Amino acid sequence: MDANWKPTVIITGASSGVGLYGAKALADRGWHVIMACRDLVKAQTVAEQVGMPAGSYTILHIDTASLDSVRKFVQDFRATGRYLEALVCNAAIYMPLIKEPLRSPEGYELTVATNHLGHFLMCNLLMEDLKRSPAPDKRLVLLGTVTHNPDELGGKIPPQPDLGELKGFAEGFKDPITMIDGKKFEPVKAYKDSKVCNVLTMRELHRRYHTTTGIVFSSFYPGCVADTPLFRNHYPLFQKIFPWFQKNITGGYVSQELAGERLAEVVADPKYNQSGIYWSWGNRQKEGRESFAQKVSPQARDDAKAERVWDLSAKLVGVA
């Protein structure tokens, strides 16, 4: 590596929220950021608005709901000729008000396709790129959420996540199947289930690859980013009340900027070079709050379930 080399990170969903401010924080640290986004014009506009230095980022198209789009993104990234030192799976959708399921181009329920299956394929395809980098410290990070864990207050609110026996995945996850457990469609549960899958994927990546590759696999919860665009599909009243509630009642509120800084820490700081860890800043934010390694939900620490989610997901995305 020459003297002008910069480490490269891919961040999905980098045109808003935690992804955008994480991209800004890493660019400020000297990283080159691949902003993997659906809307390239929007990504360029917001990168300039937040002051990302010219030349510190490259914008490439991806729609993580589409497996073909994920494959095309990997081709486009490799065409840049860059090494890859970190991958951050951040993009997500949350559509709590829909009554009927939407479908991905491959016919899978859209929330799980976007939040889990697309990222699962991406992790598998880019594993070789992470291995190829000569950098001594390489990381793969999947964004977590408190709602994946019924042991936490934020995860106790129904409907709670439950992958069941993975009947929906096992039966192909296409119409008329709408949920991972094979039961009736529930959009909030679909989101929570997808985030359980993210944590299970992280843990299975660690089990399969950390010892042989040295890559650090982790998840993290930065605190409640209550005004993130993730909630853009919720009731307008909820979008007003929820940030106020988190700021003034629970004390869990974290700004998008601070959450982005925390993303950058998990990607770049030596403190976070432990693999298989779910890092959290908890639900009671105070100035100078330190992160800690948090115990994940009973489902998310089920090794047999992690292996089965991996095997079934691999079949669904075509890498089995």
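These are my notebook entries on what I looked up in this structure.

**Entry 1: the whole protein**

I noted at the start that this is a predicted model. I then looked up the secondary structure, and the protein has 10 helices and 8 strands. Next I checked burial. Of the 320 residues in the protein, 57% are buried. The accessible surface comes to about 13,700 Å². Carbon and sulfur atoms hold 52% of that surface. Last, I looked at how far apart in sequence the contacting residues are. I took contacts between residues at least 6 apart in sequence, and 72% of them join residues at least 24 apart.

**Entry 2: α4 against α7**

I turned to a pair of helices. Helix α4 covers residues 110-132, and helix α7 covers residues 187-213. At what angle do α4 and α7 pack? I found an angle of about 15°, with the axes 8 Å apart. Angles under 35 degrees count as roughly parallel, so α4 and α7 are roughly parallel to each other. The crossing of α4 past α7 is right-handed.

I then listed who meets whom. From α4, the contact takes in T111, V112, N115, H116, F120, C123, M127 and K131. From α7, the partners are A190, Y191, S194, C197, N198, T201, L205, Y209 and T213. By class, I read 9 nonpolar, 7 polar and 1 charged residues in this contact.

T111 sits in helix α4. Is T111 buried or exposed? Its relative accessibility is 2%, so I put T111 down as buried; the cut-off for buried is under 20%. I left aside neighbours within four places in sequence and looked up what T111 touches. Its contacts are I93, M95, H116, A190, Y191 and S194. A190, Y191 and S194 are also on the α7 side of the helix contact.

**Entry 3: α1 against α9**

Helix α1 covers residues 17-28, and helix α9 covers residues 256-268. They pack at an angle of about 60°, and their axes are 7 Å apart. The angle therefore makes α1 oblique to α9. α1 passes α9 in a right-handed crossing.

Which residues of α1 meet α9? I found G17, V18, Y21, G22, A25 and L26. On the α9 side I found Q256, E257, A259, G260, E261, L263, A264, V267 and A268. This contact divides into 9 nonpolar, 4 polar and 2 charged residues.

**Entry 4: backbone in the loops**

I moved on to the loops. The loop between α5 (153-156) and α6 (167-170) holds P159. A cis peptide bond joins P158 to P159, with omega about 0°. L166 is in the loop between α5 and α6 too. Its phi is near 60°, a positive value in a residue other than glycine. L166 counts as buried because its relative accessibility is 1%.

The loop between α6 and α7 came next. It holds F173 and P176. For F173, I read a phi near 60°, which is positive in a residue other than glycine. F173 has a relative accessible area of 0%, so I marked F173 as buried. Where is the cis peptide bond that involves P176? It runs from D175 to P176, with omega near 10°.

Conventions: Residues are numbered from 1 along each chain as its sequence is written. This is a predicted model: local features need pLDDT of at least 70, side-chain atom pairs count only at pLDDT 80 or more; totals for chains, interfaces and linings use all residues. Side-chain values use heavy atoms; hydrogens and water are left out. Axes are lines fitted to C-alpha atoms, for helices over the stretch in contact, and angles run from 0 to 180 degrees between N-to-C directions. Helices (H or I, at least four residues) and strands (E, at least two) are DSSP runs, numbered from the N terminus. Angles under 35 degrees count as roughly parallel, over 145 as roughly antiparallel, 65 to 115 as roughly perpendicular and the rest as oblique. A crossing is left-handed if the near helix is turned anticlockwise from the far one by less than a right angle, and right-handed if clockwise. Contact means heavy atoms within 4.5 Å. Ala, Val, Leu, Ile, Met, Phe, Trp, Tyr, Cys and Pro count as nonpolar, Asp, Glu, Lys and Arg as charged, and the others, Gly among them, as polar. Buried means under 20% relative accessible area, exposed over 50%, partly exposed in between (1.4 Å probe, protein chains only). Accessible areas come from the Shrake-Rupley method with a 1.4 Å probe; for residues, only the protein chains shown count as cover.
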